[in-house]
Amino acid sequence: MCSPALGGALNQNSPLDRPSPHGALPAYWVGPRHLAGDDGQLYDTVADALTGLGWTALTIVRGIHREPDTADVIEDRPVLRSTVLHVSPDGLRWAQWMLADEPFHLGGLPIAWQVCAREDASDMTARWSAYFTPGLPGEAVTDFLLALDARRGSATFFEGPEQVLTSVTGNGWFRDVDQPAAGATDPTFTSHLSFGEVPPLIQDGDPAVLAIGPQEAGPAGWQAWSQTGPNAPYLWAASFSAGVPASLVAAFTASLSSPAPVLRRVLPESTKDRLLRAPA
């Protein structure tokens with residue numbers, strides 16, 4: 001289970017120390033947002049927002065650094081992995097940058113951010129988790145975290161799926177023809193939203209999940225993804241465990257589907273011909 005760490009150490013390979021890849025590239029206002037990519041700045045965009053909210057950033061180093069024992073050892077191979085963890089002031093919510101820590105994959109893409117929440121400080125495990133891959137607009141991930149930071153009270157309680165669907169249909173997306181109460185797609189049929197059984201490894205704190213038999217359907221949660229064609233690789237993916245409040249998913253999907261243009265210098269190769277753009 002994703003759990004908050006309380007210790008930290010400096011790491012020169014932390015995303016905090018990475019130079020900006022943009023240089024002197026021209027900037028554009030582009031749309032639609034869900035095809036605009038992350039501008040190569042997914043860590044910085046989200047981390048800057050969390051710093052502004054007063055979340056604490058910790059760089060965690062795990063593993064063992066072994067010194068050579070004999071002259072026969074040609075090379076010292078340290079076994080070290082690091083991750084950057086951002087923790088809310090109340091300690092009940094945290095966001096973990098996963099790319100430096102050998103993350104698992106979602107839709108063939110590595111998880112970049114994992115976000116978790118718990119009920120109270122005595123609970124050492126997450127009540128729910130949300131996962132975001134590279135390629136997602138940083139604005140959408142940030143809006144999810146802003147909604148999480150503003151949320152008070154229980155980490156989980158039942159909220160129906162309708163508000164999630166309304167958040168995208170209000171921005172011009174269409175409900176799924178076969179499952180109008182559980183899915184939607186953008187007008188170009190590139191990006192999709194679906195409510196159903198979550199993929200393997202998606203963590204949720206509901207103890208009932210542990211009692212599910214091999215022939216039983218698993219818990220249902222929201223999934224979002226984008227690809228330019230049926231057999232094309234995924235551009236990005238996001239997954240929300242069953243316990244993620246629908247209002248938080250709706251904050252993400254409303255931002256993702258927003259018609260408002262976003263500022264970009266690095267355009268995704270696979271979608272740049274589909275983007276409307278104007279010089280900034």
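Good morning. I shall begin with helix α4, residues 246-256, which is mostly covered, as eight of its eleven residues are buried. Please bear in mind that this is a predicted model.

Which residues of α4 are buried? They are Ala246, Leu248, Val249, Ala250, Phe252, Thr253, Ser255 and Leu256. The partners against which these buried residues pack include the helices α2 (138-150) and α3 (162-169), as well as the strands β8 (128-132) and β11 (191-197). Strands β12 (220-227) and β13 (234-240) also take part in this packing.

In one of them, glutamate 162 meets arginine 175 at 2.4 Å, N to O. This pair links distant parts of the chain, with glutamate 162 in helix α3 and arginine 175 in strand β9, 13 residues apart. Glutamate 162 is partly exposed at 41% relative accessibility, and arginine 175 is partly exposed at 31%.

Aspartate 90 forms another salt bridge, with arginine 93, and their closest N and O atoms are 2.4 Å apart. Is arginine 93 buried or exposed? Arginine 93 counts as buried because its relative accessible area is 8%, under the cut-off of 20%. Aspartate 90, at 38%, is partly exposed.

Arginine 93 is also touched by serine 88, a residue in the loop between β3 and β4. Serine 88 touches Trp55 as well, and serine 88 is buried, with a relative accessible area of 4%.

Finally, a word on confidence. The average pLDDT is 82, and 76% of the residues score at least 70. Over residues 3-14, however, the pLDDT is below 50. Where pLDDT is low, the predicted coordinates should not be read in detail. Thank you.

Conventions: Residues are numbered from 1 along each chain as its sequence is written. This is a predicted model: local features need pLDDT of at least 70, side-chain atom pairs count only at pLDDT 80 or more; totals for chains, interfaces and linings use all residues. Side-chain values use heavy atoms; hydrogens and water are left out. Buried means under 20% relative accessible area, exposed over 50%, partly exposed in between (1.4 Å probe, protein chains only). Helices (H or I, at least four residues) and strands (E, at least two) are DSSP runs, numbered from the N terminus. Contact means heavy atoms within 4.5 Å. pLDDT is the predictor's confidence in each residue, from 0 to 100. A salt bridge is a side-chain nitrogen of Lys or Arg within 4 Å of a carboxyl oxygen of Asp or Glu. Lists of a residue's contacts leave out its neighbours within four places in sequence.
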